[in-house]
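Let's take a tour of a protein model, starting with its metals and then moving on to its core. Have the sequence and the structure open as you read.

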Amino acid sequence: MIRTIPIVRKLLARNEHAASENRARFGALGVTCVNVLGGAGCGKTALLEAVLPRLTAERRVAVLEGDLATTRDAERIAALGVPTAQLLTDGGCHLTATHVQHALERVPLDALDLLIIENVGNPICPANFDLGEHARLAVLSVAEGEDKPVKYPLLFKDAQAVAISKCDLLPHLRYDLRRTLADIRRLCPDAAIFTTAAPSGAGVEPLAEWLRRLSAAASAPHNISRSPATASR
Amino acid sequence: MHELSLARHLVEIAGDEARRAGAARVRRVRCRIGLLRQVDDLLMREAFGLAARRTLCETAELEIEHAPLRGRCGGCGRVFAMVDWHATCPVCHTEAERLLGGDELDLVQLEVETPDDQDHPDCA
Ligand SMILES: Nc1nc2c(ncn2[C@@H]2O[C@H](COP(=O)(O)OP(=O)(O)O)[C@@H](O)[C@H]2O)c(=O)[nH]1
Ligand SMILES: [Mg+2]
Ligand SMILES: [Zn+2]
């Protein structure tokens, strides 16, 4: 006999379940988790290298480094004296909540205020997978071209913050920053937007301040939600 | 690409639902995918075929329903379907200030084959 069954089930239900377990664990320990996403080479690690020294005096921070292969990024972060664990996806193009679940055993979670996850460099796939983070920081470098918000919309849709990186290169490019900003605004009207340049450190302090506020908010009530409203406060 | 990963998840939850319904085989799987997910139909079908091997979905046909992107007009607040990124409000011709939807990723329907005795347990 043939039957038609109407259902509505989220395709990524299993990942979302693991993500909510992660989020509950972070909440119980007062840890704020930030998922950093963006294309390969957009400057995620450089931005972390610039921002972490501004945080470590007041916040206990650790970093999970997602990568296809090699531990170079993790070594760059560890060189700053920040506890780091490398997650190798073995060719997989994104991290899942389960990857993170396993990696949590390798950071001192109960002695942290802020856990930063650098996702695998890929502007499309990682955006589909909730890791249990409280906020997403999307990174887009000006070197990638001004049309990218349109091409990678999901990267921005659920972001609470956006860093437009490598702004020191703007004088060398034909780039309409206002167009990029307008396109990003339509995708995530409530996100905080930072324009940064890692070599000079320009724009890094506002990002550091955003991270400080985010982690302070979480450790107080223990139940920060991943809503856009959280970041705009 | 993420199609393979999405297809694996789809086959897994379709299998769960089919088993719950006592199905012997899944004939059709219908999913709804929003435009923002940037899923390529051709790649998704191929990926589904691979992921479905040796599962209840092995011979199932995949139907993909596309969920549109909508925009809320920055002028009059109307919500309109966006055919492309720079679509403007059909009434006041203003650009959308906020995008709605487009991130759907759901299993919405299954067509399954159940053994006849299952439906008439008394006759079994
Ligand atoms: N000029 C300039 N180069 C940068 C900046 N941030 C990163 N880079 C360079 O871009 C390349 C990739 O940076 P990396 O941080 O490894 O990118 P990731 O793959 O996103 O982690 C490296 O050569 C960096 O030196 C920046 O703000 N300005
Ligand atoms: Mg990196
Ligand atoms: Zn209008």
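Here is a short briefing, sorted by topic.

This is a predicted model, in which local features need pLDDT of at least 70, side-chain atom pairs count only at pLDDT 80 or more, and totals for chains, interfaces and linings use all residues. Residues are numbered from 1 along each chain as its sequence is written, chains are lettered from A and ligands numbered from 1 in the order in which they are written, and side-chain values use heavy atoms, with hydrogens and water left out.

**Confidence**
- The model scores ipTM 0.83 and pTM 0.90.

**The magnesium site**
- T45(A), D73(A) and E118(A) coordinate the magnesium ion (ligand 2) at 2.0 to 2.1 Å. Donors here are N, O and S atoms within 2.8 Å of the metal (3.2 Å for Na, K and Ca), and since water is not among the atoms, sites may look incomplete.
- D73(A) sits in helix 3 (residues 72-78) of chain A and E118(A) in strand 5 (residues 114-118) of chain A, so this pair ties together parts 45 residues apart in sequence. Helices (H or I, at least four residues) and strands (E, at least two) are DSSP runs, numbered from the N terminus.
- Both D73(A) and E118(A) are buried, meaning under 20% relative accessible area, with exposed over 50% and partly exposed in between (1.4 Å probe, protein chains only).

- C73(B) counts as buried because its relative accessibility is 1%, while C92(B), at 33%, counts as partly exposed.

**The nonpolar core**
- The largest nonpolar core has 32 residues; such a core is a set of buried Ala, Val, Leu, Ile, Met, Phe, Trp, Tyr and Cys residues joined through side-chain atoms within 4.5 Å.
- Helix 1 of chain B gives the largest share of this core, seven residues.
- L10(B) is among the residues with the most contacts inside the core. Leaving aside neighbours within four places in sequence, L10(B) is in contact (heavy atoms within 4.5 Å) with residues including L11(A), V29(B) and F48(B).
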